[in-house]
Amino acid sequence: MTTDVAEAVAALRAGHLIHLPTETVYGLGARADDPDAVIKVFEAKGRPRFNPLIVHVGDMATAEDIGVFDDRARALAEAFWPGPLTLVVPVRDTGKACDLARAGLDSVALRMPAHEVALAVLRQAGFGVVAPSANRSGRPSPTTHADAIEETGGAVAVALDGGDCPVGVESSVVSLLGEARYLRAGAVTRAQIEAIIGPLAPDEAEGHRSPGRLSLHYAPDAPVAINVLKPAPDAAYLAFGPTDHKGAVFQLSATRDLREAAANLFRMLREADRGHPAEIAVAPIPADGIGEAINDRLRRAAGFVG
Ligand code: TXA
Ligand code: MG
């Protein structure tokens with residue numbers, strides 16, 4: 001456990017993996033220009049190779065070295081970076097974001113995270129860093145240092161401790177290849193994107209969206225049931241506001257605050273799972289704002305997206 005940024009940058013330089021704390025979730029980081037380093041990320045996660053990774057950068061110049069930014073991409077970066085927004089743009093330099101990182105696509109996903117530890121690492125490194133969530137594939141994303149260690153601690157040379165992740169769900173992903181599309185819901189909402197670049201294209205059918213979005217994702221060991229108002233007595237309940245459930249209760253937000261619920265979501269799914277309940281039941285969560293992202297993750301945890 002460390003907060004030594006220089007040690008983390010040295011490990012990245014040498015082609016090793018690190019835990020990269022960000023404002024959304026903990027990432028499993030490797031230098032994006034080194035296929036031998038990037039392959040370790042896929043191996044440690046058990047992640048399918050056709051699922052491309054996000055390349056994280058610490059400044060705009062590095063971003064524009066790696067990807068081609070049009071006016072829309074620049075306007076969005078200006079408005080939301082550093083922050084929980086990933087932009088998919090045409091790749092400029094396929095050496096700086098290697099084929100394996102992009103899963104062979106001619107586009108690249110770029111993000112500048114709003115976390116002082118992540119930014120310090122990225123700025124000292126000067127190269128792009130791939131960082132998928134630091135969980136093993138299919139499991140809930142880690143939002144605390146301890147959860148990151150539990151998931152992939154054995155795979156990293158340096159496990160940076162950046163505290164608890166304040167956002168708690170992964171970045172919004174917007175594609176700017178042709179018409180702008182909202183590929184993954186996150187803390188930056190559709191309405192916020194549209195306020196900057198105008199209307200987004202309608203969603204495509206699931207499966208034609210972000211590559212590699214698996215049906216069972218973010219899943220704890222116990223089965224997950226969503227939109228539950230009256231949980232069974234032997235269920236662990238993720239409540240959203242007051243509840244009279246007599247079994248185990250994990251309160252996402254007593255005041256029904258969606259941002260607080262997002263920040264608690266993955267940690268509470270894990271905590272509920274540790275009690276080995278018959279089922280994890282989750283209260284209905286409104287779909288507005290970051291609620292769209294919460295509902296997206298919950299549908300996948302429940303196996304409802306095919
Ligand atoms: O908040 C986050 O984004 C976290 C933290 C660690 O930064 N990272 C993260 O990475 O969630 P990952 O690898 O789990 O998610 C990458 C997402 C996937 O949905 C992937 O399919 C999509 O971005 N993606 C990556 N490259 C893409 C591309 N060229 N075209 C379309 N989607 C892409
Ligand atoms: Mg993930």
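Q: Is E170 buried or exposed?
A: This is a predicted model, and in it E170 is buried, with a relative accessible area of 4%.

Q: What does the E170 side chain meet in a salt bridge?
A: The side chain of R297, at 2.8 Å from N to O. The two come from distant parts of the chain, 127 residues apart: R297 belongs to helix α10 (residues 291-301), while E170 sits in the loop between β7 (158-159) and β8 (172-175).

Q: And R297, buried or exposed?
A: R297 counts as buried, because its relative accessibility is 1% and the cut-off for buried is under 20%.

Q: Which residues do salt bridges with shared partners join into one network?
A: The network takes in R136, R139, D147, E150, E151, R270 and R274.

Q: Take D147 and R274 from that. What is the N to O distance in their salt bridge?
A: It is 3.3 Å between the side chains of D147 and R274. This pair also links distant parts of the chain, with D147 in helix α7 (residues 145-152) and R274 in helix α9 (residues 258-274), 127 residues apart.

Q: What relative accessible area does D147 have?
A: D147 has 5%, so it is buried. R274 has 44%, which means it is partly exposed, as that class lies between 20% and 50%.

Q: How many salt bridges are found in the whole structure?
A: A search of the whole structure gives 20.

Q: Which residue does D33 form a salt bridge with?
A: R31, with the closest N and O atoms 2.7 Å apart.

Q: Switching to pockets. How much space lies in the second largest pocket?
A: The second largest pocket holds about 190 Å³.

Q: Which residues line the second largest pocket?
A: Its lining is made up of L229, K230, Y237, A239, F240, G241, P242, T243, D244, R256, A283 and P284.

Q: How many of the lining residues are nonpolar, polar and charged?
A: The lining of the second largest pocket has 7 nonpolar, 2 polar and 3 charged residues.

Q: Which ones are the charged residues there?
A: K230, D244 and R256.

Terms used. Residues numbered from 1 in each chain as written. Chains lettered and ligands numbered in written order. Predicted model: local features only at pLDDT ≥ 70, side-chain atom pairs only at ≥ 80, totals over all residues. Heavy atoms only, no water. Salt bridge = Lys/Arg side-chain N within 4 Å of Asp/Glu carboxyl O. Helix = DSSP H or I, 4+ residues; strand = E, 2+ residues; numbered from the N terminus. Buried < 20%, exposed > 50% of the residue type's maximum accessible area, 1.4 Å probe, protein only. 1 Å grid on protein atoms, 1.4 Å probe; cavity = no way out; pocket = protein on both sides within 12 Å on 5 of 7 lines; lining within 4 Å. Points joined across faces, edges and corners; volume = space filled by probe spheres on them.
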